Amino acid sequence: MNTTFKKTASVILAFTLLAGGSALTGTTVPDIFNSTSITASAALSLSGTSYQLHATPSTTLKNGSNGDSVKWLQCALNKLGMASPALTVDGAFGANTTAAVKKFQKKYMGASEVDGIFGTKSLNAMKKALGITTAYPSGISKTDYIRICNCVAHEAKSNNISMYEKALVVEVIMNRKSSGSFPNTVYGVITQPNQFSGSSSYAGLTKFSNEVTTGVKEAVTYYFNHKSTFNESYLYFRGNGSYNFFSKTYRGAYRRPGGSGSIVV
């Protein structure tokens, strides 16, 4: 990876623990993940088509827009082959991104929809083109699927947290279930004392809580539809409401998916 994720010590101290333990302490350290240990999420980020690692647009995007949701759009456009050469994933919605959006709209929505503005209608069409779905997945009971969606919604429902990071919360739950060191049921994992805060308010529900968004369902479904790619053995995570860090051990180097930097706790 070419960039190192850096945060000041004051910001790090503000992080809260989402799945067991206490607030993060420590300072930023150089990248400790060398080229032989690139994880699935890091490999995704190398392609320039990995919309999963960016925030799904929640507002209308147009020429002049900036931010991580624009990176989502640029990656998605590249994934669908709407720009040649591929768009630079820089988070800046300029002329090239506008042209690619128009090409997408013409191909997937019809000539009458071409305006270069990426709103709700364009987003829904793009999700369909990318195969993003909330359809009930195989490999999990409906009851546990609802429990997991409720848990992810409580822990990582923010629009700023990418689909992949939401899905990694599912990986933590499922890895714990099968690890032998945690309860061996989804319900047991979620309700284990001092782990998932507030679980008593949603773990026993037989329906989606009012915090479950479309984005949460998409992320949980994505995990089960691509389960074989989630092989990083994460058992813990921490976050600050905008992104999460994941780790295999309670005390160790936490790493944001797609980023090359880490912090030690």
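## Buried, exposed and the model itself

A residue is called buried when its relative accessible area is under 20%, exposed when that area is over 50%, and partly exposed in between, using a 1.4 Å probe and protein chains only. Aspartate 144, at 15% relative accessibility, therefore counts as buried.

The model you are looking at is predicted, so local features need a pLDDT of at least 70 and side-chain atom pairs count only at pLDDT 80 or more, while totals for chains, interfaces and linings use all residues. Residues are numbered from 1 along each chain as its sequence is written, and side-chain values use heavy atoms, with hydrogens and water left out.

## Salt bridges

Let's start with charged partners. A salt bridge here is a side-chain nitrogen of Lys or Arg within 4 Å of a carboxyl oxygen of Asp or Glu. How many salt bridges does the structure hold? There are four, and three of them are described below.

Aspartate 144 pairs with arginine 147, with their closest N and O atoms 3.0 Å apart. Both residues sit in helix 6 (residues 142-156), three residues apart, which is about one turn of the helix. Helices in this report are DSSP runs of H or I with at least four residues, strands are runs of E with at least two, and both are numbered from the N terminus. Glutamate 113 and lysine 121 also meet through their side chains in a salt bridge, at 2.9 Å from N to O. Glutamate 113 has a relative accessible area of 25%, so it is partly exposed, whereas lysine 121, at 54%, is exposed.

Another salt bridge joins the side chains of glutamate 218 and lysine 127, again described by an N to O distance, here 2.9 Å. This pair links distant parts of the chain, with glutamate 218 in helix 9 and lysine 127 in helix 5, 91 residues apart. Glutamate 218 is buried because its relative accessible area is 6%. Lysine 127 counts as buried too, with a relative accessibility of 12%.

What does lysine 166 touch, leaving aside neighbours within four places in sequence? Its contacts include Val152, Ala156, Ile161, Val216 and Ala219. Contact means that heavy atoms lie within 4.5 Å.

Helix 4 (residues 95-108) and helix 5 (residues 120-130) pack at an angle of about 70°, and their axes are 11 Å apart. Helix 4 is therefore roughly perpendicular to helix 5. The axes are lines fitted to C-alpha atoms, for helices over the stretch in contact, and the angles run from 0 to 180 degrees between N-to-C directions. Angles under 35 degrees count as roughly parallel, over 145 as roughly antiparallel, 65 to 115 as roughly perpendicular, and the rest as oblique.

Helix 4 contributes Phe104, Gln105 and Tyr108 to the contact, and helix 5 contributes Ser122, Ala125, Met126 and Ala129. By class, this contact has five nonpolar, two polar and no charged residues. In this grouping, Ala, Val, Leu, Ile, Met, Phe, Trp, Tyr, Cys and Pro are nonpolar, Asp, Glu, Lys and Arg are charged, and the others, Gly among them, are polar.

Alanine 99 is also found in helix 4. Its relative accessible area of 45% makes alanine 99 partly exposed. Alanine 99 and methionine 82 are 17 residues apart along the chain, and their C-alpha atoms are separated by 8.7 Å.

## Backbone features in the loops

Most residues other than glycine have a negative phi, and most peptide bonds are trans. Where does this chain have a cis peptide bond? The bond from serine 84 to proline 85 is cis, with omega near 0°. Proline 85 lies in the loop between helix 3 (68-79) and helix 4.

Asparagine 194 has a positive phi, near 65°, and belongs to the loop between helix 8 (186-191) and helix 9. With a relative accessible area of 71%, asparagine 194 is exposed. Serine 233 has a positive phi near 65° as well, in the loop between helix 9 and strand 3. Serine 233 is partly exposed, at 41%.
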